[in-house]
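Subject: A structure for you to look at

Hi there,

Here is the structure I promised to pass on. Have a look at it first, and then read my notes below.

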Amino acid sequence: MIESSSIPTIEVEKLVFGYPQQKPTLRGISFTLNPGERVALLGLTGAGKSTLLENLIGLKMPQSGEIRVRGTKLEQATLSQARRSIGFCFQDANDQLFMPTILEDVTFGPRNYGVPAGVARDRALVLLEEFGLLEFANRSAHELSGGQRRLAALAAILALEPAILILDEPTNGLDPSWRRHLAKVLLQLPVEVILIASHDLNWIGKTTQRALILAEGQIKVDRNTQDLLQDISTLEHYNLPPDW
Ligand SMILES: Nc1ncnc2c1ncn2[C@@H]1O[C@H](COP(=O)(O)OP(=O)(O)OP(=O)(O)O)[C@@H](O)[C@H]1O
Ligand SMILES: [Mg+2]
């Protein structure tokens, strides 16, 4: 991990967001992620984890409150700068993969940011090999298995070499050996902050040091991951039984 400055990486202050004709999903969220932190975002199905992550990258805009990325308020004028520093992996890999082949999916982002074609291709081939996808490089995403699509989406994000990594349920569809491999890859990455929404308590115990629980539109728990995982009564209180 890079601990490059004392400016918080992400600051969220009194964030409120709701979908039309619904009670707000996020009802006053505040937290700060500092350089060097790897953080889990936990919460029940429908709690608002994806909604919160999508606010952090400006795919959704808060109704009130503020988000700052490396000290800069997130708004229309600063959106592209913020997105340049954040790699975001969607919960649904199909949202990430849209090119004719996965090799092109993985080179698309870097090419868009001006990385020369040869460099982008070499980087993509290394990542595809890392994720066991080299033999499928010229297939389209819809010719892959669900887990392979997940790995291709992760490769496409890592190809951007982002400073901040935000992953929405990255282990979905992965077998235990790939979950283990992904943990190893993430632990070695030279990134400033990683924020991971997940239902996989065992896996976040191996990949994060801090965990937030989102419930009733607010961050109800903000604790050391290991402490939380041993505190069964708190997990049960938020309906997050660890063995299920
Ligand atoms: N596009 C949308 N329009 C209206 N309501 C939505 C939309 N997307 C999500 N919601 C609602 O907002 C709430 C939060 O959804 P969200 O996807 O953020 O939950 P989540 O915590 O990521 O859940 P999961 O663990 O299933 O991924 C849910 O009640 C959901 O039905
Ligand atoms: Mg979600």
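Let's start with a helix contact: Ile 102, Asp 105, Val 106 and Gly 109 in H3 meet Ala 152, Ala 155 and Ala 156 in H5 (contact means that C-beta atoms, placed from the backbone, lie within 7 Å). The residues of this contact divide into five nonpolar, one polar and one charged (Ala, Val, Leu, Ile, Met, Phe, Trp, Tyr, Cys and Pro count as nonpolar, Asp, Glu, Lys and Arg as charged, and the others, Gly among them, as polar).

Before going on, please note that this is a predicted model: local features need pLDDT of at least 70, side-chain atom pairs count only at pLDDT 80 or more, and totals for chains, interfaces and linings use all residues. Residues are numbered from 1 along each chain as its sequence is written, while chains are lettered from A and ligands numbered from 1 in the order in which they are written.

Now the ligand. Around ligand 1 you will find Tyr 19, Thr 25, Gly 43, Thr 45, Gly 46, Ala 47, Gly 48, Lys 49, Ser 50, Thr 51 and Gln 91 (each has its C-beta atom, placed from the backbone, within 6 Å of the ligand). This shell has two nonpolar residues, eight polar and one charged.

As for the whole protein, there are nine helices and 10 strands (DSSP runs, H or I of at least four residues for helices and E of at least two for strands, numbered from the N terminus). The C-alpha trace spans about 50 × 45 × 40 Å along its principal axes.

Enjoy exploring!

Methods: Two residues are in contact if their C-beta atoms, placed from the backbone, lie within 7 Å.
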